[in-house]
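Good morning, and thank you for making time for this presentation. I would ask you to look at the model on the screen while I speak.

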Amino acid sequence: MTQAFMLNGLTGFSDAQTPDTRQDLTGLFTEKPQSENITFVAKVNAESLLKKPTVKWFKGKWMDLASKSGKHLQLKETYDRNTKVYTFEMQIIEAKANFAGAYRCEVASRNKFDSCNFDLTVHGEKRQLVVLLMCCDFCSSTDGNEDSGELDFSALLRKRAVQASSDPDVDVWKILSGAPASEYEKIAFQHGITDLRGMLKRLKKMKKEEKKSEAFLKKLDPAYQVTKGQKIKLAVEVANEDVEVKWLKNGQEIQPTGRYIFESVGNMRYLTINNCSLADDAAYCCIVGEEKCTTELFVKEPPVTIVKNLEDQMVMKGERVELECEVSEEGANVKWEKDGVELTRDESFKYRFKKDGCKHVLIINDASKEDCGHYKVKTNGGESMAELLVQEKELEVYQSIADLTVKAKDQAVFKCEVSDENVKGTWYKNGVEVKADARINITHIGRIHKLTIDEVKPEDEGDYTFVPDGYAFNLSAKLNFLEVKIDFVPRQDPPKIHLDCMGRTSESTIIVVAGNKLRLDVPITGDPAPTVIWTKGEKVITEGDGRVHVETTKGHCIFTIEGAERQDEGIYSVVVRNPAGEDTADINVKVVGKTELHNLIPFELSGYVLERKKIKSYRWMRLNFDPYPRTTYEARRMIEGVAYEMRVYAVNSIGMSRHSPASKSFVPVAPTSEPIGLCVDDVSDTSITLKWRRPEKIGAAELEGYGVEYCKEGTDEWIPAIDGLTDRTSMIVKNLTTGDKLQFRVRAYNMAGPSAPATLAQPVTIREIMQRPKIWLPRILRQTLIKKVGDTVNIVIPFQGKPRPKVTWSKDGEPLSPQFASVRNSEVDTILFIRKTERKHSGQYDLQVQIENVEDTAKVTLQIVDLPGPPEALKIVDIWGFNVALEWKPPKDNGNCEIVGYNIQKADKKTMEWYTVYEQYRRTNCVVSDLIMGNEYVFRVFSINLVGFSTEPCQTKDSVYIQKTGIVYKPPSYKEHDFSEAPKFTHPLMNRSVIAGYNATLSCSVRGIPKPKVTWYKNKMDITHEAKYRMLSKQGVLTLEIRKPCPFDGGVYMCKAVNDSGEDIVECKLEVRQKKDAKK
């Protein structure tokens, strides 16, 4: 909604006369710019902002007023920590007529933006101001993907969505020209350049300076850049508005089509290219008559953005990890990083990179603890980060091995069951590893490990141990050998059920939660081994793979219900029988829901399980596997600046509850690291100057400033050096007591609070240190400084010394006067300034820096040079044939520098057009040759020094006439050379074996003068006119192309070359194989 307000900002108005300028506050502003005593105030509420907002003031569309601060314009900003409100002020002082115009205030913080426009009008000589404050349609965006607001007066009539203007195009060539060669590939990746080498090669050929053209008033720029899919207009200005132009692309003339549009407006000629593609990346030329101008067009790929971000993952050790993202362009290049280090394919194939259209996947095989960290994928248009956690869960023992007592020739089986089916292990007997053989069998099936010993012998007795690989514990049992006598008669034992089930109530009822698994492992004894029968009512439960099934092993019977349901309730009976008797037992199974379970039995709470996820993600990541006992938890390893939410499960001996509602979203913020490089820059009797550098790690929250504190040696009371914070990395602490020994420290502050302090290595005594004067003469001033007449001289010479030394300049032993040269001195340097030099400023300047009786001196030599005078006494010494000898004297005025040469010119007296004979000629005499007989010549000479040519030449007083002679030129006769040469093959034909169905070529090279006639033969038959063969000849290289040969085309091929001087032949064998033969 757009509203307009008028604000009368005349100075001298009272508060009662000032109209109300309050506006409906939207977006980030709590108070929009207002006029009060010609001061515009904007306030921003920072309660919901992570970083300090950035405010810019503009005049017109683009003029940033931050660079115009000074006498008439001042910008201020303050921050109230109690209300968390930033106040920004723009004050206009003594306004002038040119201050009138449209102004704009913009505020931005990360993905939030707001702005406000107002007009300033200046009336009369007394600088009365009338301010129009207009609040236009500012669309406050809380999401970076929404459209940002811009000024659109049509919004007063109808609703209109305005797309946020994109960032201005970046000139990649300017970036490349100013960057080192080692950074070229990185810059090309960031700006989507696919052909970096071609771009550099083409730009290298472009001329920096072009000669003036008569046909073109304005030529094409050396290079243009356009984004793929957009349009571009190439424009030239011609001298004749009626002339026709031609446009070429890579040397080929362009015809007007729907994509290429030609326009002619007055002297301007335009070529518009619509919907640019990579095929339009070429050299373009505009031709007018015989003149042309060229340019290079570079088509830049649009930035590749990340459409689907990476997801945080938590996996167990040894599992396979796939981090997947989706980008906006197929086949785009991406970079993967782990904790800031780029990932590459190594020899161990730890990391694999997979592309599938727009999807990019990072695959980590066999994850380990070292793989934990933050993984980032980068494109030239964005990046995404995710965290990978690898947990190493403790190995649980479901069934341990038991002691065995066996008889001779019986079978001994040691069996154990662990929680991880991928864990392998080793069996030991009395500390020695057990090896499998004909009697000993070692098996590993799923979670069960078995050691089976057939036909047990007395030597098999001992202690057996199973050690899981990678875990620091073992399972042990003893094998006892029972010696059997011949007269032993085995005694029959009646069967017995040893029922000890966890979770039974006093009424022998087993309660199971609906959906959970019930597994009863009932030990049984009896000799011989009894048979086991499970029944429910009259129904017998058999062994099998059903949901309710039983399993019988030696010494055990196992009853299992997979996913208990209400219909599974009832009394289950187990009967064991053998010839010595039988035993029975009844088990009452009750299936209940979780709510009923808490009403039946009060189970103790064993802990909590916590999960977290990013706000924009759908995947919850578990933070702990074992129940966490307390009700407060400190989450770690989160990414700063990313919003998270958490939820909690309660856990007891039955299982996990439903999760709690998700917590309120939060953004983790950490203090910065400590400032680095804290040092003392200067010390005086009452002050000290400290310097430091920004912290290496800033974090998600913006740096608010630095706090400087000091304390006396021997005390712990730290005193702030200033009230509040400073945003600079240096500070002068004043009003200190001379002689105190103080310790100083600096801390960086952000939203999370202060960082760790950076402290000086040792206390500092507040006392000025005497320092000898020393002049640091720059290297360029250690030799003569040469300047032209009229140039400006600005010499800066640094020095040191404490207390502040006395600085004295003199020239040729005389003190400098202010009218001759200006001198400015500071505590650390001195400046000699001459606004406009003359020849009299040449000479030696002496600098003296003195502290009491100690001094240091330096010398600077200044040479002011000018154009030389003309040479003197130019005369003609001799004339003979077509030659003239000249001689002259050096100029009287050499321009205060050495004469480096002379420029000698001649002119025909008829035309008086001067032509240069010698450039930079060093001697004072020369001979001018190759003059034309019958012409009359005059000569002149310029002198040259470091500055340039003399303003006037020295010209001969008399002219020289070259007499005509009667000499007749007789050209010499030469015997014509015979270049003929008989044909000779310099490279013969080679025997070849080819596959049928694929084109084959035979090549050779021949030389001969005149060019020989070439004929090809197959098996001595001329094949010149055969359609199957194609003969090529280029620069003496002869090629015979056989199209899709078959076995019939095999044979002896001959090439014959004939000319008037002779002939030569060369031949080879060609074998054509079938495809089946080729595969073999």
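Predicted model: local features only at pLDDT ≥ 70, side-chain atom pairs only at ≥ 80, totals over all residues.

The protein chain contains five helices and 84 strands. Of its 1080 residues, 37% count as buried. The chain exposes about 66,200 Å², and 49% of that area is supplied by carbon and sulfur atoms. As for contacts between residues at least 6 apart in sequence, 60% of them join residues at least 24 apart.

Let me now turn to strand 66, which covers residues 843-851. Which strands pair with strand 66, and in what sense? One is strand 62, residues 806-811, which pairs with strand 66 in the antiparallel sense over six bridges. Within that pairing, Val 807 stands opposite Val 849. Another is strand 67, residues 854-865, where the pairing with strand 66 is also antiparallel and extends over nine bridges. Here Gln 844 has Thr 861 as its bridge partner, and Leu 847 stands opposite Ala 858. Strands 66 and 67 form a hairpin, with two residues between them. In that turn, Glu 852 has a positive phi of about 55°.

Strand 67 also pairs with strand 60, residues 785-788. These two strands run parallel and are joined by four bridges. Lys 788 stands opposite Val 865 of strand 67 in this pairing. Strand 67 therefore has an antiparallel pairing with strand 66 and a parallel pairing with strand 60; as a general point, side chains in a regular strand alternate between the two faces of the sheet.

We come next to an open sheet of three strands, in the order 68-69-72, with antiparallel pairing. Why is one side of strand 68 and of strand 72 left without a neighbour in the sheet? Strand 68, residues 872-880, and strand 72, residues 925-928, stand at the edges, and each has a single partner strand, so one side of each has no neighbour there. From one strand to the next, the twist averages 20°. Strand 68 is joined by six bridges to strand 69, residues 883-889.

Let us move to a loop residue, Gln 230, which lies between strand 12 (223-227) and strand 13 (232-238). Is this residue buried, partly exposed or exposed? Gln 230 has a relative accessible area of 41%, so it counts as partly exposed. Apart from neighbours within four places in sequence, Gln 230 is in contact with Ile 273, Asn 274, Asn 275 and Cys 276. Pro 302 is 72 residues away from Gln 230 along the chain, and their C-alpha atoms are separated by 9.9 Å.

My last topic is the second largest pocket, which has a volume of about 1,800 Å³. It is lined by 48 residues, and the closest to its centre are Gln 399, Thr 553, Lys 554, Gly 555 and His 556. Several strands give two or more residues to the lining, including strand 29 (397-399), strand 43 (548-553) and strand 44 (556-561). Which element gives the most to this lining? Strand 40 does, with seven residues.

That concludes the presentation, and I would welcome your comments.

Note on methods
Residues numbered from 1 in each chain as written. Heavy atoms only, no water. Buried < 20%, exposed > 50% of the residue type's maximum accessible area, 1.4 Å probe, protein only. Contact = heavy atoms within 4.5 Å. Areas by Shrake-Rupley, 256 points an atom, 1.4 Å probe, with all protein chains shown as cover. Pairing = 2+ DSSP bridges. Axes fitted to C-alpha atoms, helices over the stretch in contact; angles between N-to-C directions. 1 Å grid on protein atoms, 1.4 Å probe; cavity = no way out; pocket = protein on both sides within 12 Å on 5 of 7 lines; lining within 4 Å. Points joined across faces, edges and corners; volume = space filled by probe spheres on them.
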